[in-house]
Amino acid sequence: MLGPLVRYLRFMGYDTLAATELGPGGPREDSELLRLAATEGRVLLTRDRELASRGGLLVDGDDVLGQVAALFRAGLVEPVLRLDRCSRCNTLLRPARPDETAAATYLPADHASRTVVCCDTCGRLYWAGSHADRLAERLERASDRNG
Ligand SMILES: [Zn+2]
């Protein structure tokens with residue numbers, strides 16, 4: 001349910017796991033999620049008031065930028081686009097090789113002059129461009145919001 005927020009946190013460079021991605025055998029019970037968060041030093045974000053009362057942090061509303069703004073006000077995130085982590089799978093990104101950018105037909109034509117980074121796990125490429133600029137602007141506005 002917090003899928004958009006998970007992607008935004010990764011765009012900002014935060015190591016983020018979603019309970020839905022933990023897979024078969026992964027923790028599903030609230031107590032297991034709380035234990036995993038404690039063991040790995042993670043903040044457990046949840047929409048569930050009961051879970052929040054047991055040690056999670058309640059995330060309100062459906063607007064992802066409002067959620068980012070709330071985490072910023074709580075002192076948990078700096079809303080800056082870092083583009084160093086895959087938004088899909090959480091892997092740290094590395095600079096793309098020329099053969100990878102050459103093979104990716106969806107890159108902008110002027111990609112040689114841009115920073116292009118690659119995810120080793122899912123193969124996705126990310127690049128600096130208008131989409132990234134718009135995302136950076138939205139994040140910047142999130143830090144100006146008062147609630
Ligand atoms: Zn990936």
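Colleague: How much space lies in the largest pocket?

Modeller: About 880 Å³. Keep in mind that this is a predicted model.

Colleague: Which residues are closest to the centre of that pocket?

Modeller: L17, A18, V43, L44 and L45, out of 32 residues that line the largest pocket.

Colleague: And which elements give two or more residues to the lining?

Modeller: α1, which spans 3-11, α2 at 30-40, and β1 at 45-46. The largest share is from α2, with 5 residues.

Colleague: What is the lining of the largest pocket like by class?

Modeller: There are 20 nonpolar residues, 7 charged and 5 polar.

Colleague: Changing topic. How much space lies in the second largest pocket?

Modeller: About 220 Å³ for the second largest pocket.

Colleague: Which residues line the second largest pocket?

Modeller: R7 and F11, then L83 and S87, then R124, L125, Y126, W127 and G129, and lastly H131, A132 and L135. By class, 7 residues of this lining are nonpolar, 3 are polar and 2 are charged.

Colleague: Which elements each supply at least two residues there?

Modeller: α1, β5 at 125-127 and α6 at 130-142.

Note on methods: Residues numbered from 1 in each chain as written. Predicted model: local features only at pLDDT ≥ 70, side-chain atom pairs only at ≥ 80, totals over all residues. Heavy atoms only, no water. 1 Å grid on protein atoms, 1.4 Å probe; cavity = no way out; pocket = protein on both sides within 12 Å on 5 of 7 lines; lining within 4 Å. Points joined across faces, edges and corners; volume = space filled by probe spheres on them. Helix = DSSP H or I, 4+ residues; strand = E, 2+ residues; numbered from the N terminus. Nonpolar A, V, L, I, M, F, W, Y, C, P; charged D, E, K, R; others polar.
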